[in-house]
Amino acid sequence: MEETKKKRKKTAECCGYPISIFFIVVNEFCERFSYYGMRAVLVLYFRYFLLWDDDLATSIYHAFVALCYLTPIMGAIIADSWLGKFKTIIYLSIVYAIGQVIMAISTVHDITDTNRDGTPDNFTFHIALSMLGLVLIALGTGGIKPCVAAFGGDQFQEHQSRQLNTFFSVFYLCINAGSLLSTLITPVLRAQECGIHTQQQCYPLAFGVPAALMVVSLVVFIAGSGMYVKTDPEGNIIWSVCKCIGFAIKNRFRHRSSIHPKREHWMDWADEKYDKLLIAQIKMVLKVLFLYIPLPMFWTLFDQKGSRWTLQATTMSGDFKAFILQPDQMQTVNPILILTLVPIMDRIIFPLIKKCGLNFSPLKRMTVGMLFAAMAFVCAALVQIEIDKTLPNFPSSSESQLKVVNMFDSSLNVTISPNEPLLIDSFESNGGYVTFDHQDITVSLSTNPVITKTFSLTEGGRQTLIIPSNPSIMYLQEDIKSKPKEGKNAVRFVNGWTADLNITNSDSIQPSVTSNYTLVSQGTRKFVLSNGEQSCEFSQKFGFGSSYTFLIPSTLFSSDCESIKVVEDMQPNSVHMALQIPQYFLITTGEVMFSVTGLQFSYSQAPKNMKSVLQAGWLCTNAVGNIIVLIVAELGKLPKQWAEYLLFASLLVAVSIIFSIMAYFYTYIDPAEIEAQIRREQGLEPEEKKKETLEMEGKDKDQNNEQEVKQTKM
């Protein structure tokens, strides 16, 4: 200890704080902005750029998050046993920045879009790049996670304990500020359109800005290099604990014969080689880690706010009148509520419960936090049921659906045997889609003479029968059979004019022909129609996730585009994103009760030098929780999403009951007292120093607990 003190150099100060910590705080803000900004748009990148289905997008997203929570253990071991915190942060930040840059490059569709249709032609290239980028990001962000806060703490001298506490508060604020700002900004960047040849959703910008912030983070951290206090590696307690446990298991197996007397605890088989104090400390840690066994299920639900809940928001309306909210921006509700609920819980709710005489112990709080998370998923299921009511009734794999559009200059009776005739006015449709359980149909028109024609419908598809001004050339047009991606609106035009037409944001359309679908964003959109000599402007207000067919009559220019008829093929999303706020409130309330309380409880029930072991165990519960989502998404395959939400809610309720039973039989301990007793038994601590030691260790423990909790981003 004395040697370490001597190595500490006097650092330059500003307002009582080491100047070096300002570099660390800026570094942390930029890094958190980079990570959470990239993660906010990640599941939509999988879904709409790589065109993966919801289950695969969810699985890969949670596999990435799980890896991010496993790599901090590696980072802690490297920093404490080999490179030291400073070099570990530098080297892994370089890996991190390279990963972000690779990820940004993988989102540029023009790299492989040889036919310039706006869609990559070589998805393998983009998938390979993005997977490489995500692995490097996971190694980087996880590797530096346990180092940065601790490295910041190393910069303070012993007389700066008040400034140290303030540093951790500012550090925690930077984490939340980076998270909040990035989840607000990157979805807005994603919603822009950019591209070299074709304008598409601007994923390169949404991923490029976080990549740039990570480079800035690295440069800022290196810029303060000459001012840092850099401590040498002192060995990692996690590795020592693993070796001790391994020796105990191996020794117990060697002495499994009944001739060897039993020992009070299986860890006692390590006392031939390891110190009794270390063994006692490990016993305390194992007691807490045993309680961690049911905890992954909470994270299984919690981390789905970035995957399933974001995908749910894409089928909802984000029009808040004063502003438009992107689906991936709903995640900002969580950090906003965190900053609001933590002080309310600590200063008002918990003290009020205590004044009422209720024993609301930490383990009881964690159980209630689990139940709040389960209620959040019940809310999500109810919202999903409301969404499902508004979704179109798409055909099954053995069915076909048909709509009829009459572009003829008079009303027609359209008979599709064996159905009843449909009376369709001129420049109108029959309304909704008609479902058939067979593909071959015969269509008869009440023209003079009667026109009859046979068609073969697409199995599992939707089509529109277009009856042009010359009914004898009626034809089938393929329709979209799912909601337009990213809450956009699909539009197309049927040309009833007598010559070719040019339409902005669409192809040139020949007479009686239907254009391809064009995706347009929410709001009022204007379309200019021209034939080279005449032109007119047509505008339409769009919501989210709708589909329209615009019928262009022969009187187009004489009516100044006002005669264009609008056929709604798919209604816009009508369930508002505001309905997700209750589930975010419940899951965040559960997070405050579960996560913050869980860390405080863990640190109070284990020795000071074992905090890194508990943090490793805590991160592992998060990783396992994300792996559970991956498994359920790939193997569950429930037909309805609301059923999956209820499944997760039911599982968490069951787990919370098990956890409450485990908590009931748990006995709270005072680690400092147990350690002092063992030291006295070993003659390491005089009896008369007992009281002083306990008081000092208790004081240090309370202070360190507060600092550790502030370091942790929920």
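Residues are numbered from 1 along each chain as its sequence is written, and side-chain values rest on heavy atoms, with hydrogens and water left out. As the model is predicted, local features need pLDDT of at least 70 and side-chain atom pairs count only at pLDDT 80 or more, while totals for chains, interfaces and linings use all residues.

The pLDDT, which is the predictor's confidence in each residue on a scale from 0 to 100, has a mean of 89 over the protein chain, and 94% of the residues reach 70 or more. Residues 1-7 have a pLDDT below 50; beyond near neighbours in sequence, this stretch has 3 contacts in the model, a contact being heavy atoms within 4.5 Å. Residues 708-714 also have a pLDDT below 50, and this stretch has 27 contacts beyond near neighbours in sequence. Where pLDDT is low, predicted coordinates should not be read in detail.

Helix packing comes next. Two packed helices are described by the angle between their axes and the distance between the axes. Here helices (H or I, at least four residues) and strands (E, at least two) are DSSP runs numbered from the N terminus. Axes are lines fitted to C-alpha atoms, for helices over the stretch in contact, and angles run from 0 to 180 degrees between N-to-C directions. Helix 3 (residues 42-49) and helix 4 (residues 54-83) pack at an angle of about 145 degrees, their axes lying 9 Å apart. Their crossing is right-handed, that is, the near helix is turned clockwise from the far one by less than a right angle. Leu-42, Val-43, Phe-46 and Arg-47 of helix 3 meet Asp-54, Ala-57, Ile-60, Tyr-61 and Phe-64 of helix 4.

The axes of helix 13 (residues 333-355) and helix 15 (residues 581-604) come within 9 Å and cross at roughly 55 degrees. That angle makes helix 13 oblique to helix 15, where angles under 35 degrees count as roughly parallel, over 145 as roughly antiparallel, 65 to 115 as roughly perpendicular and the rest as oblique. This crossing is right-handed. Among the residues in contact are Leu-337, Leu-341 and Met-345 of helix 13 and Tyr-584, Phe-585 and Val-592 of helix 15.

The strands form the next topic. Strands of a sheet pair through backbone hydrogen bonds, either parallel or antiparallel; two strands count as paired if DSSP finds at least two bridges between them. An open sheet of 3 strands has the order 15-17-18 with antiparallel pairing. Strand 15 (502-503) and strand 18 (535-542) each have a single partner strand, so one side of each is left without a neighbour in the sheet. Strand 15 is joined to strand 17 (residues 523-530) by 2 bridges, and Asn-502 has Ser-530 as its bridge partner.

An open sheet of 4 strands has the order 16-14-19-20, with mixed pairing. Its edge strands are strand 16 (518-520) and strand 20 (565-570). Strand 14 (residues 489-495) and strand 19 (residues 547-552) run parallel and are joined by 6 bridges, and Asn-495 is partnered with Ile-552.

A cis peptide bond with omega about 5 degrees joins Ser-417 and Pro-418, and Pro-418 lies in the loop between strand 6 (412-416) and strand 7 (422-424). Asn-448 and Pro-449 are likewise joined by a cis peptide bond, with omega about 5 degrees; Pro-449 lies in the loop between strand 10 (440-445) and strand 11 (451-456).
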